[in-house]
Amino acid sequence: MATKKYLKEKIKLGDRELSVETGRVAKQADGSFVVRYGDTMLLVAAVGAQKPREGIDFFPLTVEYREHNYAAGRIPGNYFRREGRPGEKEVLTCRLIDRPCRPLFTEGYRNETQVIASVISADDENDPDVIAITGASLALYLSDIPFETPIAGVRVGLIEGRYIINPTYDEVRESRLNLIVAGTEEAIVMVEALMLAHKEINRLCRWQKELYKALEIEKRPVQPFALDEEMLGEFERNYTDRLRAALDTETHGKQASYAAVDALKKEVVESHPEDVPEKRQMAKKIFDHLKEKIFREDILGNKRRPDGRRFSEIRPIECEVGWLPRTHGSALFTRGETQAIVTTTLGTKEDEQFIDDLESGEIKRRFLLHYNFPHYSVGEVGRFGSTSRREIGHGALARRALEPVLPSESEFPYSLRIVSDITESNGSSSMASVCGGSLSMMDAGVPLKAGVAGVAMGLVMEGNRYAILSDIAGAEDHYGDMDFKVAGTREGITALQMDIKIAGINAQIMAEALQQARKGRLHILDRMEEALKEPREDLSPHAPRIIQIKINPDRIRDVIGPGGKMIRSIVEETGAKIDVEDDGTVSIATSDSEAAQAAVARIRGLTAEADIGETYLGTVSRIVDFGAFIEIFPGTDGLLHISEIAEHRVRDVRDELKEGQQILVKCIGKEGNKIKLSRKAVLKDEKQKNGKAEAAGQGDGE
């Protein structure tokens with residue numbers, strides 16, 4: 001193995017420096033860099049196999065991103081006290097790295113390649129996710145792996161009208177925008193929110209090219225796959241018309257079209273002798289090449305989509321709400337051959353999700369959205385296993401699209417879980433989840449600020465010719481050059497995600513795509529509002545009712561009781577769920593209104609506080625030489641001093657009071673938790689009241 005050159009350089013990025021180092025750590029990897037931003041550091045390593053696996057016809061790239069707890073000085077909180085399967089953020093960051101990198105490897109490269117980004121130090125200001133994008137580019141570009149176009153990533157925030165590059169955690173919380181952009185020196189490759197920050201990306205890419213020269217990198221050669229020109233010409237003459245007819249989903253529908261294409265492919269492959277496998281392999285390659293060529297020619301030359309729609313046309317939409325009788329909210333959303341059953345479940349504070357977080361250790365999430373993609377949705381047989389990265393990514397995108405319109409927790413003190421089960425799929429199932437999620441929440445009575453719809457945009461581009469497609473179907477996603485998902489309300493965009501397969505697109509195309517997406521989104525919202533225009537006024541009868549009351553935080557211990565004994569007894573007696581916050585907010589949840597009121601009464605009784613000047617009916621709980629303790633609320637005693645028992649002098653408390661006796665007392669003072677009571681004041685008040693009544697009676701007699 002050749003000795004790697006050592007290099008350590010830095011560049012200004014935002015208001016701090018990005019420093020990179022190679023040739024010191026992980027030297028046996030093809031490319032490795034330690035990247036530092038503030039006190040956040042990542043080790044990113046890339047390795048590419050020297051030879052492709054036999055018979056492989058795709059590019060096997062895997063990307064892994066891991067946040068180690070030790071990086072933030074923590075021990076994992078799970079039973080095993082070690083890192084387990086990657087969390088949602090780690091999975092999403094893997095996709096964040098994979099999507100912009102994948103299209104930029106040299107055409108024909110089929111060697112198994114792996115990129116691993118590990119967070120090895122984490123400060124409390126800088127999120128490592130976006131730094132990992134640039135780190136992955138450094139590890140790939142500054143190695144002999146055939147990745148010849150550097151990329152970079154930045155996060156953009158917007159605070160008080162000013163754009164900020166790579167805002168800190170605190171700034172992101174204040175920001176009106178949380179935008180991640182990855183791109184090459186020439187153009188934007190992948191956008192998570194909006195196309196910005198290209199100036200910084202351009203500078204970072206040019207800097208990587210300077211490092212490339214300094215390290216004297218030589219890329220390993222790649223032998224591109226060449227088609228047999230003679231066979232290609234023969235195929236075009238004999239099969240073009242039949243293949244074009246088979247690809248016509250307007251006539252056949254998706255499933256029949258796929259079956260017709262598969263049958264024709266089988267015929268083409270089997271037209272070559274079985275004992276000449278290389279001919280059959282070439283036939284498969286040429287058939288797939290011809291299929292893509294026909295698709296693109298029809299779009300750019302004939303201005304015709306496979307299903308016959310106009311470029312801006314949205315497929316037929318059907319919406320039905322309240323479809324499931326026992327759920328809290330439900331919607332059946334169908335757009336073309338894509339369909340989702342989406343449900344909303346309302347829960348209590350204890351249903352919040354707790355997530356290990358590198359920044360703060362643990363965070364709570366009250367809004368969950370889970371996306372499921374069973375194999376039957378595309379007419380296939382498959383194994384049920386753990387949630388895939390694709391399912392996690394689609395669910396996260398839909399969640400981000402809906403979060404901005406949720407009511408605050410003070411307005412609507414529920415935890416919410418949306419589940420989107422995809423029952424049919426022919427493109428843009430994540431956007432169907434957005435539409436169905438919005439409808440199901442309104443069906444559940446969630447007071448959303450506005451309805452949200454989503455649409456997936458596509459692009460076919462060759463040279464100066466291009467076509468922007470609205471509401472793309474599966475084939476248009478597969479053979480097109482862009483999948484641009486846009487979700488939002490009538491007022492604006494709430495979430496974006498773009499994946500493209502070409503080197504980049506310019507601002508003009510982006511602007512056209514956004515404008516065309518807006519028209520499509522408004523059309524979808526019109527169809528959705530025909531089913532349900534506003535959130536229902538009442539919750540489902542099957543949903544819990546949550547009543548919130550405020551108590552003095554110092555009295556929380558009285559509600560909880562020793563070892564939780566008191567709160568458990570209230571729950572057992574009433575059947576209500578009870579959550580107590582540190583600020584004294586108590587949430588009582590149950591679908592039984594009588595049980596709820598009973599729980600409220602118990603809690604108010606436990607936490608009621610005496611007000612000076614108020615009179616209470618109390619019970620003598622204990623007699624002592626200097627007075628008596630009177631229970632004025634359950635568990636709350638005040639001292640009735642011997643001097644305050646009667647208007648005359650009392651020599652022995654027991655001459656006036658007995659334990660268990662009920663008497664009226666007035667609160668005459670409070671010192672911290674100590675309550676001073678007076679029976680003498682009550683007797684005096686009664687005497688004055690009776691005197692006034694007698695005087696009034698005498699006046700009436702005159």
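In which hand of crossing does α5 pass α7? I looked that up before anything else. α5 passes α7 in a right-handed crossing. A caution for myself: this is a predicted model.

**Entry: α5 and α7**

Helix α5 covers residues 229-246 and helix α7 covers residues 254-270; their axes come within 9 Å and cross at roughly 160°. Angles over 145 degrees count as roughly antiparallel, so I put α5 down as roughly antiparallel to α7.

Next I listed who touches whom. From α5 the contact takes Phe235, Tyr239, Arg242, Leu243 and Ala246, and from α7 it takes Ser257, Ala260, Val261, Leu264, Glu267 and Val268. Sorted by class, the contact of α5 with α7 has eight nonpolar residues, one polar and two charged.

**Entry: α9 and α10**

I then went to the other pair. Helix α9 (residues 389-402) and helix α10 (residues 429-443) have axes that come within 9 Å and cross at roughly 45°. That makes α9 oblique to α10. I noted the hand here too: α9 passes α10 in a right-handed crossing.

On the α9 side I found Arg390, His394, Leu397, Ala398, Ala401 and Leu402, and they meet Ser429, Ser430, Met431, Ser433, Val434, Gly437, Ser438 and Met441 in α10. The residues of the contact of α9 with α10 divide into seven nonpolar, six polar and one charged.

α10 has 15 residues and reaches 20 Å from its first C-alpha to its last, close to the 21 Å expected.

How many of the residues of α9 are buried? I get eleven of its 14, so α9 is mostly covered. Among them are Glu391, His394, Arg399 and Leu402. For α10 the tally is 15 of its 15 residues buried. After α10 comes Gly445, with a positive phi near 85°.

**Entry: two buried residues**

I looked up Ser377, which sits in the loop between β16 (367-372) and α9. Is Ser377 buried or exposed? Its relative accessibility is 6%, so Ser377 counts as buried. Leaving out residues up to four places away in sequence, Ser377 touches Ile422, Thr423, Glu424 and Ser425.

Leu525 is in helix α12 (residues 507-531). Leu525 has a relative accessible area of 2%, so I marked this leucine as buried. What does Leu525 touch, not counting residues up to four places away in sequence? I see Gly451, Val452, Ala453, Gly488, Thr489 and Arg490. I also took the distance to Val452: the C-alpha atoms of Leu525 and Val452 are separated by 7.3 Å, though the two residues are 73 residues apart along the chain.

**Entry: positive phi**

Last, I looked at backbone angles. Glu160 is not a glycine, yet Glu160 has a positive phi of about 55°. I found Glu160 in the loop between β7 (152-159) and β8 (162-165). With 81% relative accessibility, Glu160 counts as exposed.

Lys303 is not a glycine either, and Lys303 has a positive phi of about 55°. Where is Lys303? I placed Lys303 in the loop between α8 (277-300) and β11 (317-321). Lys303 comes out at 53% relative accessibility; exposed means over 50%, so Lys303 goes down as exposed.

Note on methods. Residues are numbered from 1 along each chain as its sequence is written. This is a predicted model: local features need pLDDT of at least 70, side-chain atom pairs count only at pLDDT 80 or more; totals for chains, interfaces and linings use all residues. Side-chain values use heavy atoms; hydrogens and water are left out. Axes are lines fitted to C-alpha atoms, for helices over the stretch in contact, and angles run from 0 to 180 degrees between N-to-C directions. Helices (H or I, at least four residues) and strands (E, at least two) are DSSP runs, numbered from the N terminus. Angles under 35 degrees count as roughly parallel, over 145 as roughly antiparallel, 65 to 115 as roughly perpendicular and the rest as oblique. A crossing is left-handed if the near helix is turned anticlockwise from the far one by less than a right angle, and right-handed if clockwise. Contact means heavy atoms within 4.5 Å. Ala, Val, Leu, Ile, Met, Phe, Trp, Tyr, Cys and Pro count as nonpolar, Asp, Glu, Lys and Arg as charged, and the others, Gly among them, as polar. Buried means under 20% relative accessible area, exposed over 50%, partly exposed in between (1.4 Å probe, protein chains only). The expected span of a helix is 1.5 Å times one less than its number of residues.
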